[in-house]
Amino acid sequence: MKDFLRQNGILLLVIALLLSILIGVGTAVLGGQADPLSNVVNVVITPVRSGIAAAADWVEGVYGYVFHYGEMEQELDDLRTQLGELEEQVRQGEEARRENEQLRELLGLQARRRDFTFEDARITGRSTSNWESTLTLGKGTSHGVGAGDCVVTETGVLVGVVTEAGANWSTVSTIINTDTQMGGIVNRTYSAGVLEGDFSLMNQGKLKLNYLPEGAQLVSGDEVLTSGRGEVFPSGLVVGRVEGVFTDPSGQTRYAVVEPAVDLDVLIKVFVIKDFEIAE
């Protein structure tokens, strides 16, 4: 019906107007009283008039819908923009909260270890190879960062050691990397050994505490710290916890598998120990 009215509406309107004129003329001649022919004509054209009016209303409704649809699209775009801005504000607020928390923790570490000189640095890259575990920092020699510097979290948990440094970048070998080698000690028993990276353990995110004393009584969960042995690295940095104690295939030495305390995958910012006092 709508298609018929849309295609023939103008013709029907013309016909209706002509009939109306004829009816008006006839009514005037007859003194204002409709003749039988006029009645018949009115009966015929009344539905036509109604259809044309309905079609006009439909067209007006469609126009209004299209007009308001454009307004709604613009409002929706504005809301999307506002949502993006709010999400960015939330991200910035979360980052500020995290940085404030790090600074509070760092102040606590500085209060405990006044001999440490720190340089904060953001992680700008991570190794993607199964053969190594390294981090790239956005600071280097121009900030006093050099090879051999220990890298920690804001709470003093060991992350790794700087192995190479440029003017504005440096590479950190993490504690699970195969080239890791430093003195370690079990906090509960004072059993000392050597912290070493191991290829098979690196892929599990772990490392060894090797060359344990024969009578060392270690249990799962024992905390492992850096010993400061060799006076190259600071003592007392948290490394992780003992997962288990094993004997090597030769049967000559025992070693502990250590689960690091740091989650390397979630690190964003670290702190480089540029200077420290050697314990006598």
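These exercises walk through one predicted protein model, each with a worked solution.

Residues are numbered from 1 along each chain as its sequence is written. The model is predicted, so local features need pLDDT of at least 70, side-chain atom pairs count only at pLDDT 80 or more, totals for chains, interfaces and linings use all residues, and side-chain values use heavy atoms, with hydrogens and water left out.

**Exercise 1. Confidence and make-up**

Task: Find how many helices and strands the protein chain has, and which element has the lowest mean pLDDT.

Solution: 
- Count the elements. The protein chain has three helices and 12 strands. Helices (H or I, at least four residues) and strands (E, at least two) are DSSP runs, numbered from the N terminus.
- Check the confidence. pLDDT is the predictor's confidence in each residue, from 0 to 100. Its mean over the protein chain is 79, and 66% of the residues reach 70 or more.
- Helix 1 (residues 2-29) has the lowest mean pLDDT, 57. Strand 5 (residues 170-174) has the highest, 97.

**Exercise 2. Aromatic pairs**

Task: State how many aromatic pairs the whole structure holds, then describe two of them.

Solution: 
- Recall the rule. Rings of Phe, Tyr and Trp (its six-membered ring) pair if their centres lie within 6.5 Å; planes under 30 degrees apart count as stacked, over 60 as edge-to-face and the rest as tilted.
- Give the count. The search finds three aromatic pairs.
- Take Phe116 and Phe118. Their ring centres are 5.8 Å apart and their planes stand at 85°, so this pair is edge-to-face.
- Ask about cover. Buried means under 20% relative accessible area, exposed over 50%, partly exposed in between (1.4 Å probe, protein chains only). Phe116 has 6% relative accessibility, so it is buried. Phe118 has 13%, so it is buried.
- Take Trp131 and Phe199. This pair is stacked, with 5.2 Å centre to centre and 20° between the planes.
- Trp131 lies in the loop between strand 1 (117-126) and strand 2 (134-137), and Phe199 in helix 3 (residues 199-202). They are 68 residues apart, and the pair links distant parts of the chain.
- Check their cover. Trp131 is exposed at 66% relative accessible area. Phe199 is partly exposed at 37%.

**Exercise 3. The surroundings of Ser191**

Task: Locate Ser191, decide whether it is buried or exposed, and list what it touches.

Solution: 
- Locate Ser191. It sits in the loop between strand 6 (181-186) and strand 7 (192-196).
- Apply the cut-off. Ser191 has 7% relative accessibility, so it counts as buried.
- Look for a polar partner. The side chains of Ser191 and Thr189 make a polar contact of 2.8 Å. Such a contact is a pair of N or O atoms within 3.5 Å; within protein, one must be able to donate a hydrogen and the other to accept it, and residues adjacent in sequence count only if both atoms are side-chain atoms.
- List the neighbours. Contact means heavy atoms within 4.5 Å. Leaving out residues up to four places away in sequence, Ser191 touches Gly184, Ile185, Val186, Pro213, Ala216 and Leu218.
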